[in-house]
Amino acid sequence: MSYAMVITRFGEPDVLEWREVQAPVAAAGEVLVRVRAAGVGPTDLNIRAGRLTEVFPQGPGSVLGFEAAGVVEQVGQGVSGVSAGDEVAAYLPSQGGYGELVAAPVWFPKPPQVGWTEAAALPASAEAALGTLRQVRAAAGETLVVLGAAGSVGVIALQLARSRGVRVIGAAAERDEELVRELGGEFVPYGAGVFERVAALAGRVDAVIDAAGRGGLAEAVAATGDPARVVTLADPAGAAAVGALMSQPGPDRAPDALAVTLPMLAAGTLRLKPRRSLPLQQAAEAHRLLASGEVRDKIVLTLS
Ligand SMILES: NC(=O)c1ccc[n+]([C@@H]2O[C@H](COP(=O)([O-])OP(=O)(O)OC[C@H]3O[C@@H](n4cnc5c(N)ncnc54)[C@H](OP(=O)(O)O)[C@@H]3O)[C@@H](O)[C@H]2O)c1
């Protein structure tokens, strides 16, 4: 047996409880990871509240967490190149990161220069950022607008696009202007009229990644002239209304995301959104802080 923060029922943050669970095992192609840190994402809050049951049907008794970092405990059948005791970052499309142990189908060795909380903050956001960048086919010399450019996904999408020679206009809060500019983006304040502000900077927009889910997809399609070059991570109704792409997590969207981004983190060529950590047993408090807006940083849950 092992312990995890379990969703005891759908509801407010206090439905998350530290409970004994059946210890996961590594199936073929997986590694079992003893978790040192697990990232918390906005999607976790929606799953816990029961707002995403059509996409994530796991209900009460399940364990949240799309990303973690830790030490390999067991290697599943057919897995090579990694051994018990190795330190890894793991992407968990079937979740489970909020536990002492998790079986991971996607992992990459954690470089020693990258800390536990940094490694745990990366996987799901990197997978979404690289996946959406590919979905909109942003190419060198083109102009990409990132809505939510200062968020966990947005900062990575912005930097990956810049590293590929793409011009990036990042829509973010005024207080995040400096961050967007430091990362190589051009800044526009988010909110109503954002594409008018984009038009004042760039005559042409080739692609849009919506990493905020706060509307604007009709304007994005009008700006690009092609709904297939507009993708959202968080606005399925908006995407359906205008024919834009709705991007969902999965093992096939960008399975190489950690291989691309962990070396960049180690080399200092990729920065993540500011983060703070809390003990895993305080996951409910982490959800409360994020939902209330008291904390804008990425929260990473830690286990000693
Ligand atoms: N479908 C998928 O595969 C997938 C994967 C990962 C994430 N997601 C979803 O994608 C979204 C982003 O995730 P994240 O982890 O990057 O969240 P995050 O770190 O909270 O970033 C969201 C960013 O959007 C900004 N924002 C708020 N209102 C905005 C507006 N009107 N226009 C532009 N930006 C605005 C926020 O700024 P403020 O802090 O100022 O509010 C914040 O910087 C979430 O909804 C998450 O659930 C989906």
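Before the first stop, one term: the radius of gyration here is taken over C-alpha atoms, and the globule rule is 2.2 Å times the number of residues to the power 0.38. Keep in mind that you're looking at a predicted model.

Start by showing the whole protein chain. For 304 residues, that rule puts a compact globule near 19 Å, and the chain has 19 Å, so the two agree. Switch to a C-alpha trace and you'll see a span of about 60 × 40 × 30 Å along the principal axes. Now go to cartoon view: there are ten helices and 15 strands to find. Buried residues account for 49% of the chain.

Next, select residues 257-267, which form helix H9. Which residues of H9 are buried? Colour Ala-257, Leu-258, Thr-261, Leu-262 and Leu-265 to see them. They sit on the same side of H9, because they cover an arc of only 105 degrees around its axis. Here's the background: an α-helix has 3.6 residues a turn, so residues three or four places apart point the same way.

Last stop: the ligand. Of the 29 residues around it, show the ones that come nearest: Gly-148, Gly-151, Tyr-190, Ala-212 and Arg-214. The shell splits into 15 nonpolar, eleven polar and three charged residues. Finally, colour domain 1 (2-122 + 272-302) and domain 2 (126-246): both give residues to the shell, so the ligand lies between them.

Conventions
Residues numbered from 1 in each chain as written. Predicted model: local features only at pLDDT ≥ 70, side-chain atom pairs only at ≥ 80, totals over all residues. Helix = DSSP H or I, 4+ residues; strand = E, 2+ residues; numbered from the N terminus. Buried ≥ 20, exposed ≤ 12 C-beta atoms within 10 Å, placed from the backbone. Arc of directions from axis to C-beta. Near = placed C-beta within 6 Å. Nonpolar A, V, L, I, M, F, W, Y, C, P; charged D, E, K, R; others polar. Domains from an automatic or database assignment.
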